[in-house]
Amino acid sequence: DSFILNRSASGDTLAYPKVSSWKLEGQVGGDCCSWDGIECDDNTGHVIGLDLSSSFLYGSINSHNSLFQLHHLRRLSLSDNDFNGSEIPSAIGNLTRLSRLDLSWSGFTGQIPYEVLQLSNLVILDLSWNQLELRNPSLKSLSERLLNLKHLDLDRVNVSSTIPQSLANLSALTYLSLVACELHGKFPTSFANLTQLTYLWLPGNEFNPDTLSWLAKLTKLTSLNLDSTNSSGDVLYSLKNLTKLTYLDLSLNQIFERIPSWFGNLTGLIILHLGGNEFWGSVPQSIFTLKNLVELDLYGNHLSGTYKLETFLNLKKLKMLQLSSNHFSLLTTTVIDVTFPKFTLLTLASCNLSKFPDFLLSQDELEVLDLQDNKIHGFIPKWIWGLSAQTLHVLDLSENFLTGFDLPIVVPQWINLKLLDLRSNMLQGPLPIPPGSIEQYFVSNNLLKGEISSGICNLTSITVLDLSNNSFSGMLPPYLGNLSKSLSVLDLQNNNFSGPIPRTCEKGNTLRMIDLSQNQLNGHIPRSLVNCNMLGFLNLGNNQIEDTYPSWLGRLPELRILILRHNGFHGAIGEPKSNEFPKLQILDLSFNKLTGCLPSRHFQILRAMKVVDLGKLRYFEVDVSFVGRETHWPIYFSYSMTMTKAGVELKYEKIQDFLVAIDLSSNKFDGYIPKDIQILQALQFLNLSNNFLSGPIPPSLGNLSNPQNLDISQKKLSGEIPQELVQLTFLGFFNVSYNQLIGPIPQGKQFGTFGNNSFEGNQGLCGNPLSKKCYPGGLSPQPSSLSKKDDGEDSWFQFGWKAIMLGYGSGLVNGLILGYLFNPMKHKLFVKYFGRQIQSRRKGRMN
């Protein structure tokens, strides 16, 4: 009675609410031993088994639940329910007679309670696929106390440790699964003691690439999964005698070997996954003798040679075949009266196919078909549009030479198609409309033209719409806003769309990325964008928008990239409101008509630009991964942009997520450069060029931590270049050309790498790299920012240049010569200022 029955709480298609048939005592059927899911001892009548797996149970559970009064319980399964983030109650320790405990897939969270160690009779323990941690107790203590275990499944439990040696003491183990447990370090060689193991799964852990010779002792293994474990080629030599294997997954490792011919001796293999390694050479003929294979994955290796596709099709039991992204070619021939396997998944990308394989005509169970990056020319045949009409979820024909469709444009017959990818072909004519079931539609980089058909408005489930880099024209249809409740990505860049931007963001929308750049859109930015609370990327650059600066976009809590370049934005930016743009990292307002002073107050509130984060290499992207019935198609839609770097406009196809940039160039800003810029410690790119700024370069710019590009050229800046800028050791591009600067150019560190064009157009500048010298003989005085750690150095320096002043009365030339000769630190200065210290994801595969 403490739980709600909620169908969504269980994922099994055969799930049903077992407790709905339970009756109160005294009613017909009130004997609990007759209830569904209950097992009683025939002699004592005690409840010894409770199986409520897949029973629609939803709600929280704690130690006061009457479940924990069943002290005679031996078997307990609550798997595939939803206990709403509850912790596993500590009262689980009361059930000391348990031999089986299954809490998998049940919405438990937090630390696994220490009381689990009291269940010393456990033979089967399954806590997998919850958000649990095993820290205290640890995996070590668990393996030291639960010595009767034969089946241990901790998939997705956060263990975050090495594999303890004590785990090898569980000599009765037949089943061990530790998928993605954040394990690391070495495989313990003592695993050789686990000779009863038939099932060993360790994928998704970062082990050291040590020898796995101990595997050779586990001769009873039938299922072995080492996917993504950092394993190397040594593992192959340990598998030769594991002749009982039916499942072998070595995907996504570092195996640089030929595929051994003795794989043909593993005649029981049903699943063989070798994708994402460095296998090279030809596919051995012995692979084609494995007649029991249902899944064969050779994806993403360096395999070479030429093969008849029919050779693979002779494996009649195949359901899944992945040959994509190797170095071989597949030949297809027309075969008559031959029975082919019925595939559910087929990936033949980058296989040098020259036409659509004929055998596809017989396929009516496909869920995924990938023919990307081949050499298929001409029309898409009309039979494709009815291929596996009831089952097809993913169709990828991108990166071929397809020119059109061998039938009038009609809605295809697919009723379950989720993803259609036609990118990077030579398709012409109007936009083909996909079926209403579509979720992700890619047609970028083609020759399509015309207006967007009203049929698009029927795609009520669409999450990604990418029509970029075509020749579409006309006005953006107002019904685009109707799609915003499902859309995550809207990419219409580089077309010929004109007119105003329609209302695109209804309340409750899911938009994360909008790119309308490089069109001919005009008018104002629609205020409805303020409803896009999940929006991380907005690019309206290179249009004809006439508007004032949209400071109200600062209310978007997730916005990280805002690009408004090459438009007609005008007026002053004005004072910010508190907490504007809390996550903004890239701001490009270049080539507009903005006036007034630089937005100093805005710099003070850009929180995400203040903290340097140079963690793992990641990119700005939206996760739009597709999940089918039996397949997972990982897709990450990357943000892209054009930005001026080192004076050149560059296209960034991917954007590193630690990039921090401000480009305010080519506007009409005036006044001084604010010293507050120094608080933007994460700033890497700063471009203020081609404005009406005046005054000195603030020395505070030298306090920035990580600037790589600094462009403050073509203004009215005056004074000297501050010596503090020498401290910008990461600076790769520096431009102060065409200002009114004077004095010596700072020397040393990165300044020794900048050429004349960084300083040209400043009549008063002197020193390297310019030909104009500041002093006879080319000697420049020591910068005032030089560290004064050594009093002796400092006193010698002062004496040397005091000699210049003393000599001034008897002749300037003599004084300069004295200053040079009486400074014995000349060589050390040369070393300090001129000696520089040199400091040292593919399109997703199926899982």
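Student: Which pairs of sulfur atoms count as a disulfide?

Tutor: A disulfide is a pair of cysteine sulfur atoms within 2.5 Å. Cys 766 and Cys 774 form one, with their sulfur atoms 1.9 Å apart. This is a predicted model: local features need pLDDT of at least 70, side-chain atom pairs count only at pLDDT 80 or more, and totals for chains, interfaces and linings use all residues. Residues are numbered from 1 along each chain as its sequence is written, and side-chain values use heavy atoms, with hydrogens and water left out.

Student: What is the handedness of the link of Cys 766 and Cys 774?

Tutor: The link is right-handed, with 105° about the S-S bond.

Student: How many disulfides does the structure hold, and in what pattern?

Tutor: There are three. Counting bonded cysteines along the chain, the pattern is 1-2, 3-4, 5-6. Cys 33 is joined to Cys 40, S to S 2.0 Å. That link is left-handed, at -95° about the S-S bond. Another disulfide joins Cys 505 to Cys 532, S to S 1.9 Å.

Student: Why does the pair Cys 505 and Cys 532 tie parts together?

Tutor: Start with the elements. Helices (H or I, at least four residues) and strands (E, at least two) are DSSP runs, numbered from the N terminus. Cys 505 lies in the loop between strand 35 (496–500) and strand 36 (513–515), and Cys 532 in the loop between strand 37 (520–523) and strand 38 (537–539), so the pair ties together parts 27 residues apart in sequence. The chain has six helices and 58 strands.

Student: Which of these cysteines are buried, and which partly exposed?

Tutor: Buried means under 20% relative accessible area, exposed over 50%, and partly exposed in between (1.4 Å probe, protein chains only). Cys 505 is buried because its relative accessibility is 0%. Cys 532 is also buried, at 0%. Cys 40 is buried at 15%, whereas Cys 33 is partly exposed at 31%. Cys 766 is buried at 9%, whereas Cys 774 is partly exposed at 23%. Of the 847 residues of the chain, 54% count as buried.

Student: Where does Gln 750 lie, and what does its side chain contact?

Tutor: Gln 750 lies in the loop between strand 57 (740–744) and strand 58 (764–766). Gln 750 counts as buried because its relative accessibility is 16%. A polar contact is a pair of N or O atoms within 3.5 Å; within protein, one must be able to donate a hydrogen and the other to accept it, and residues adjacent in sequence count only if both atoms are side-chain atoms. Here, a polar atom of the Gln 750 side chain lies 2.6 Å from the backbone oxygen of Leu 731.

Student: How is a cavity defined, and what is the volume of the largest cavity?

Tutor: Rolling a probe the size of a water molecule over the atoms shows where empty space is left. On a 1 Å grid over the protein atoms alone, a cavity is a set of points where a 1.4 Å probe fits but cannot get out; lining residues have an atom within 4 Å of a point. Grid points are joined across faces, edges and corners, and a volume is the space filled by probe spheres set on the points. The largest cavity holds about 100 Å³.

Student: Which residues lie nearest the centre of the largest cavity?

Tutor: Of its 15 lining residues, Thr 644, Phe 685, Leu 686, Asn 687 and Asn 709 lie nearest the centre. Strand 48 (641–645), strand 50 (661–663), strand 52 (685–687) and strand 54 (709–711) each give two or more residues to the lining.

Note on methods. 1 Å grid on protein atoms, 1.4 Å probe; cavity = no way out; pocket = protein on both sides within 12 Å on 5 of 7 lines; lining within 4 Å.
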